[in-house]
Amino acid sequence: MLKTFRIGGIHPCENKFSAGGQIRQAMLPERAVIFLAQHLGVPAEAVVKKGDMVKVGTLIGKSAGFISANIHSSVSGKVARVEAMPDMSGYRRPAIVVDVEGDEWEPTVDCSEELTVHTDLDAKDIIKRIADAGIVGMGGATFPTHVKLSPPPGLKAEIIIINAAECEPYLTSDHSLILEKSKEVIVGTALLMKAVGVTKAVVGIENNKKDAIEALRKVKTEGIEILPLKARYPQGGEKQLIDAVMRRQIQSGALPVSVGAIVQNVGTAFAVYEAVMKNKPLIERIVTVTGRGVVQPSIFRARIGTSVQSLIEDAGGFVGNQGKVIAGGPMMGKALSSTEVPVVKGTSGILLLPQEESYRRKSNNCIRCAKCVQACPMGLNPTLLMMATEFGNWQLAEDNYIIDCIDCGSCSYTCPSFRPLLDSIRLGKDKVGTLIRARK
Amino acid sequence: MKKELIVSPSPHIHGGDSVEKNMYGVLVALGPAFLLSLYYFGLGALTVTLVSVSACVLFEFLIRKYLMKQPLSISDGSAILTGVLLAFNLPSNLQVWIIIVGALFAVGVAKMPFGGLGNNIFNPALAGRVFLLISFPAQMTIWPVPGSFPPTYVDGETGATLLSLLNDGAGAKLPAYKDMLLGKMGGSLGEVSAIALVIGFAFMLFRKIITWHIPVSILVTVFVFTGIMYIVNPETYVNPVIHLLSGGLLLGAIFMATDYVTSPMSISGMIVFGVGIGLLTSVIRLFGAYPEGVSFAILIMNAVTPLINTYFKPKHFGSK
Ligand code: SF4
Ligand code: SF4
């Protein structure tokens, strides 16, 4: 029996059109828009100004707080401006715009493809390199990695869990990364183990990627277990993954390390490898461009700051009636209002849905079928939370753990009455969160 | 650039389940029992079902359109389902006008005034049945005996159901187990064949229309409770297997108690609900005045459902 998490979950149609595809280098943009906030926490502070020349890997934004991350230039050229640009939500946020000239890298970066396995760095140095390289959670959460690797005093990690579940339908970035860079991923994992001082790591990966499991098992090294998991959404949710791997459930509001786990995405493990062994900052990432709305579903290695539009063109452009463009997967991704926005550190995919797949159906009365309850991986009662939000009954919402909702969308996905459960719950969660913070 | 992009919050896909799919799924699951009832009760079964369904649909249509002035809801299938379930709980020789009264009560009193599908407290079909049972006790408790094929409607022999036989003292002329399984015994339309009902149950589980928790906890409870009584005093009480196979128990447990709207939301709540129905059914059957307790038991537990929902929450992630 394959391991899986123990509460709720759904199995959406996988639609992994680009599965196993080769990673292609995306075209260099003519102009890169690099945001100063591509991570959770405080935005970085710009350390370049208009007219400065930068290379690939030049530090252009400096981490500006405990939870913050460095930002590097992903291209070489001249800083055109430092100003607010529209991001994926449509808000203007401070960014550095670089007009690209050539492709010149900082000399400190080792650009060779050769595998480096050995390092004399100790835990502290590894974490420092990770911080310097501006690495953040690559699965989409974008929490600064070096912070996650330094648990608060009193808490001790026992195990590193590498999240290679890739449970979102359509997306196959992690899959291809593992196929092509299995050794690097494993070395990155070993570095993470060393950084937090544990001797055990588990790579959790959904069993629908058999070739990737094979590839990882071939390079398997001491202390790293490759663990196939049931293909079930949200297997890659941090709490769900820990439950699947360790049979331990994090309590409401607690950190993963409270049960001894530190979870890192497989893309993060690769970035850690590059940062520590190759001295390469986080300036590019793997992006799946897919869906029935694109000509050729593809997997790109794209520089941060490349526009979504140019990636779509790189994949052959739109096909059919253009409907939605989503940054991320269909369950948790964000629908874009414009394709003229740049790829950021957390962009795992661009999903193009044709019009036929883009509209929601009209919602009806709740028939109290409890299917949303059975689907919720956090053991919540989504229809009750929606009702509490609609009535503004914040106490009821709080008492029923609205704060624990992980935005996975399983409830809305399941509801036979097409009720927009998560839309409401999000609102309620924000409100209750504000109230709780106000009390403190 | 191109046309505007469509923007909405996540999730961007839907599993494709719908209210209609579930309602029509339940109707399909009722198919085997319906076919058998046609076989046993012939024209009578057909007449009762057609009258009940048409009346429920018509009443829902009228109320929705003229009283509530809201968009029509007929296509969701719930009125048809209420009609079929009501019919399944009626004797096949019931007068047409009584059926219509039952339908009016089910839709016009138990369902629509609360706001239609999703808001009612009581299972409409059961409410209709119990209303008729109280108002027309004579007509509601005489059943035609399933005859030889082709059966006749008007002059079918009327006979007692298994349970009323039981109430008259154990061991009277009980039908053979085989006849109970296949439905060759007196009873309401849909309740006579255990096998047909269980096939429907399997279908609904397979299509994930319902989960097993409510029916199984009802059946286990009735079996255990009546089993204990049987062991204690086999003279007075009958074999628990007969309780499982007889009367509306299977119909109620599989199709009526699992009504989405009127049953609890969490797994633990469903089990409490099922055990409650099982206990009440056994008590009414063994000690009460009515031979048949399922309908009352379910309605009572329907009323308790909001309370169950308050105290039996889904198992929360991270709770002990
Ligand atoms: S979005 Fe929130 S409420 Fe809905 S299923 Fe996921 S965790 Fe549960
Ligand atoms: S899935 Fe939809 S209809 Fe069913 S209980 Fe939840 S909100 Fe209500």
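Analyst: A residue counts as near a molecule or strand if one of its heavy atoms lies within 4 Å of it. The model is predicted, so local features need pLDDT of at least 70 and side-chain atom pairs count only at pLDDT 80 or more, while totals for chains, interfaces and linings use all residues. Residues are numbered from 1 along each chain as its sequence is written, chains are lettered from A and ligands numbered from 1 in the order in which they are written, and side-chain values use heavy atoms, with hydrogens and water left out.

User: Which residues come nearest to ligand 2?
Analyst: There are 13 residues around ligand 2. The ones that come nearest are A:Cys366, A:Cys369, A:Ala370, A:Cys372 and A:Cys415.

User: Which chains surround ligand 2?
Analyst: The site is shared between chains.

User: How many residues of the shell around ligand 2 are nonpolar?
Analyst: Ala, Val, Leu, Ile, Met, Phe, Trp, Tyr, Cys and Pro count as nonpolar, Asp, Glu, Lys and Arg as charged, and the others, Gly among them, as polar. In the shell around ligand 2, 2 residues are polar and 2 are charged. The number of nonpolar residues is 9.

User: How many aromatic pairs does a search of the whole structure find?
Analyst: Rings of Phe, Tyr and Trp (its six-membered ring) pair if their centres lie within 6.5 Å; planes under 30 degrees apart count as stacked, over 60 as edge-to-face and the rest as tilted. Over all chains, the number of aromatic pairs found is 6.

User: What kind of pair do B:Trp97 and B:Phe136 form?
Analyst: Their ring centres are 5.3 Å apart. The planes meet at 85°, so the pair is edge-to-face.

User: How many residues apart in sequence are the parts that B:Trp97 and B:Phe136 tie together?
Analyst: Helices (H or I, at least four residues) and strands (E, at least two) are DSSP runs, numbered from the N terminus. B:Trp97 is in helix α4 (residues 96–111) of chain B, and B:Phe136 is in the loop between α5 (124–135) and α6 (137–140) of chain B. The pair therefore ties together parts whose separation in residues is 39.

User: Is B:Phe136 buried or exposed?
Analyst: Buried means under 20% relative accessible area, exposed over 50%, and partly exposed in between (1.4 Å probe, protein chains only). The relative accessible area of B:Phe136 is 15%, so this residue is buried.

User: What is the angle between the planes of B:Phe105 and B:Phe131?
Analyst: These two residues form a stacked aromatic pair, 4.1 Å centre to centre. B:Phe105 is in helix α4 and B:Phe131 in helix α5 of chain B, 26 residues apart. The angle between the planes is 5°.

User: What is the radius of gyration of chain A?
Analyst: Chain A has 12 helices and 17 strands. The radius of gyration is taken over C-alpha atoms, and the globule rule is 2.2 Å times the number of residues to the power 0.38. The rule gives 22 Å for 440 residues, and chain A is close to that, so it is as compact as a globular protein of that length, with a radius of gyration of 21 Å.

User: What share of the residues of chain B count as buried?
Analyst: Chain B has 14 helices and 2 strands. Of its 320 residues, the share that count as buried is 55%.

User: Which residues does A:Ser63 touch, not counting residues up to four places away in sequence?
Analyst: A:Ser63 is in the loop between β5 (59–62) and β6 (71–72) of chain A. Contact means heavy atoms within 4.5 Å. With residues up to four places away left out, A:Ser63 touches A:Ala44, A:Ser68, A:Ala69 and A:Asn70.

User: What is omega near for the peptide bond from A:Tyr233 to A:Pro234?
Analyst: A:Pro234 is in the loop between β11 (224–229) and α5 (238–246) of chain A. The peptide bond from A:Tyr233 to A:Pro234 is cis, with omega near -5°.

User: What is the phi of A:Asn15?
Analyst: A:Asn15 is in the segment before β1 (23–25) of chain A. This residue is buried, with a relative accessible area of 16%. Although A:Asn15 is not a glycine, its phi is positive, at about 50°.
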